Amino acid sequence: HYNHWIADRSIAFLDSLRTDDHFFLWCSFPDPHAPFASSPPYCTRYDPALMPLPQNHSERADGCAFLRTARETSQWREPLAENDLREVAAQTYGMIAHVDANIGRVMAALRERGLDDNTVIVFMADHGEYLGSHNLLYKGVWPYEELLRIPFIWNAPGMRPARRRHSQIVNLLDFVPTLADYAGIAPSFFETPGYALGRKPGLPGRSLRPCFEGRELEDRPSLFEYDEEGTPPCRLRGLVDGDFKLMVW
């Protein structure tokens, strides 16, 4: 299975390192993702009949004309059956368990090689999954929390052991600046001289390292984007600030 193969290749890469090597390992699992089909033994681990459904799984009311039109002209124009949603949830949980087991294999390989205490480890995702909320599946033009609030878990040398969640809004755009900070790469490295009338724009995002070391981050809004090459195509730009979202389609 590709989950197992990805972990195998990641462990083989760690085996190839010399003791003084610096390294960057991108260990990318496609799961959990549609089609909703996990493999044995994970496909039967969770009983669909016992799967909880989101409280808003039957909620089909959309808050603006654009979204109402999007639903009426999409595959979601008809209600999704509860039995189907429970099966989707059971298979998704199975995929998550399969990925979790293989992440555990990679983490064990780090520990066995004495690399876990001196490695920045990040668990992240590119997007969420409606998974039945608002009677939707997959991802799309509905900018609900199920789609936007995704894993962003860090473990790094020198981190305070509080293991608490932080309330500040952060963004995947903060990933590269944070790694650059740990690697000792100055922000000026990413500037583009001569661009746009002499300005030197650098990377979007910011380093989260101060937060990991016990300092507070400045509150700031976060941009998100979604492009869909449908008929017609959709361009979504949004801004999240505190409890509020502003969307422009």
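**Loops, helices and strands**

Mentor: Let us start with Y138, which sits in the loop connecting β1 and α4. Helices (H or I, at least four residues) and strands (E, at least two) are DSSP runs, numbered from the N terminus. Please keep in mind that this is a predicted model, in which local features need pLDDT of at least 70 and side-chain atom pairs pLDDT 80 or more, while totals for chains, interfaces and linings use all residues. Residues are numbered from 1 along each chain as its sequence is written, and side-chain values use heavy atoms, leaving out hydrogens and water.

Trainee: Which value does phi take at Y138?

Mentor: Phi of Y138 is near 70°, which is positive although the residue is not glycine. L131 gives another case: its phi is near 50°, again a positive value in a residue other than glycine. L131 also belongs to the loop between β1 and α4, the latter spanning 145–148.

Trainee: How many helices and strands does the protein have?

Mentor: You will find six helices and five strands. Along the sequence they come in the pattern α-α-α-β-α-β-α-α-β-β-β. The protein has 249 residues, and 30% of them count as buried. Its C-alpha atoms fill a box of roughly 60 × 55 × 35 Å along the principal axes.

**Peptide bonds**

Trainee: How should I read a pair of rings?

Mentor: A pair is described by the distance of the ring centres and the angle of the planes. Rings of Phe, Tyr and Trp (its six-membered ring) pair if their centres lie within 6.5 Å; planes under 30 degrees apart are stacked, over 60 edge-to-face and the rest tilted. That rule gives eleven aromatic pairs here. In one of them, F152 and W154 have centres 5.6 Å apart and planes at 70°, so this pair is edge-to-face. Both F152 and W154 are buried.

Trainee: What about W154 and F175?

Mentor: The centres of W154 and F175 are 6.0 Å apart and the planes stand at 50°, so this pair is tilted. W154 is in strand β2 (residues 152–155) and F175 in helix α5 (residues 175–183), so the pair ties together parts 21 residues apart in sequence. F24, W26, F152, W154, F175 and F212 make up one aromatic cluster.

**Helix faces and packing**

Trainee: Which residues of α5 are buried?

Mentor: They are F175, P177, T178 and A180. These buried residues pack against β1 (121–124), β2 and α6 (209–212). After α5 comes G184, with a positive phi near 75°.

Trainee: Which residues are buried in α2?

Mentor: In α2 the buried residues are L67, A70 and R71. Viewed down the axis of α2, they fall within an arc of 95° (taken from the directions from the helix axis to the C-beta atoms), so they line one face of the helix.

Trainee: What does V141 touch?

Mentor: Setting aside neighbours within four places in sequence, V141 is in contact (heavy atoms within 4.5 Å) with F66, L67, A70, Y130, Y226, E228, C234, L236 and W249. Q91, found in helix α3, is buried at 8% relative accessible area. Not counting residues up to four places away in sequence, Q91 touches F36, A37, S38 and C43.

**A hairpin**

Trainee: How do β4 and β5 run?

Mentor: Two strands pair if DSSP finds at least two bridges between them. β4 and β5 are antiparallel and joined by five bridges, with G238 standing opposite M247 in β5. Their hairpin has two residues between the strands, and G242 takes a positive phi near 65° there. Of the five residues of β5 (residues 244–248), zero are buried, so this strand lies largely in the open.

Notes. Buried < 20%, exposed > 50% of the residue type's maximum accessible area, 1.4 Å probe, protein only.
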